[in-house]
Amino acid sequence: MSIECDYLMRQLMQLFEVIHKILGHRERGEDKQAEDQIRYFYNCLKIDADIQKMSIEDLLAFLQNEKKLSNEHLELFAFVLKEQGEMAVDEKDRINFFQKAYFLLDKVERESTVFSMDRQLKLGELKTYLN
């Protein structure tokens, strides 16, 4: 059991590092490099499905049932979706990414026993944009 827990912790740390790189590239206006990191994030999770075309319900089922992602993974996944929404040129794509990110973060928030200020801030930003 500790080997599995150790693997999960290492994977979460790796994903967190990728998100940090995505944010850094975005802050510097390096969208191409941020997109490369997003692809790397999906590769780390072995996700090659077209997330953008999935419905919210199908996405959640895919992530939980097929990929067996934990709520911690879902939270990081939602952060990446939010960044993809920020970079989307088309308004419809932006809303699509934001809706998916909000749905996943809200699910994690409802099920989590740990308060996260970062999660609250992201939920607030997404809610403001979606309203």
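How much accessible surface does the chain have, and what share of that surface belongs to carbon and sulfur atoms? I found about 8000 Å² of accessible surface, with 53% belonging to carbon and sulfur atoms. I note that the model is predicted.

**Fold.** I looked up the secondary structure and found six helices and zero strands. The order along the sequence reads α-α-α-α-α-α. The radius of gyration is 14 Å, close to the 14 Å given by the globule rule for 131 residues, so I record the chain as being as compact as a globular protein of that length. I noted a C-alpha trace spanning about 45 × 30 × 30 Å along its principal axes.

I recorded 41% of the 131 residues as buried. Among contacts with a separation of 6 or more, 62% are between residues 24 or more positions apart.

**Charges.** I listed 19 positive and 25 negative side chains. The centres of the two sets lie 2 Å apart.

**Aromatic pairs.** Phenylalanine 41 is buried at 0% relative accessible area, and tyrosine 42 is buried at 11% relative accessibility.

I then examined phenylalanine 41 with phenylalanine 77, a tilted pair at 6.2 Å centre to centre and 50° between the planes. Phenylalanine 41 belongs to helix α2 (residues 31-44) and phenylalanine 77 to helix α4 (residues 71-87), so this pair ties together parts 36 residues apart in sequence. Both phenylalanine 41 and phenylalanine 77 are buried.

Notes. Residues numbered from 1 in each chain as written. Predicted model: local features only at pLDDT ≥ 70, side-chain atom pairs only at ≥ 80, totals over all residues. Heavy atoms only, no water. Helix = DSSP H or I, 4+ residues; strand = E, 2+ residues; numbered from the N terminus. Rg over C-alpha atoms; globule rule 2.2 N^0.38 Å. Buried < 20%, exposed > 50% of the residue type's maximum accessible area, 1.4 Å probe, protein only. Contact = heavy atoms within 4.5 Å. Areas by Shrake-Rupley, 256 points an atom, 1.4 Å probe, with all protein chains shown as cover. Lys, Arg positive; Asp, Glu negative; His and termini not counted. Charge placed at Lys NZ, Arg CZ, Asp CG, Glu CD. Phe/Tyr/Trp six-rings, centres within 6.5 Å; stacked < 30°, edge-to-face > 60°.
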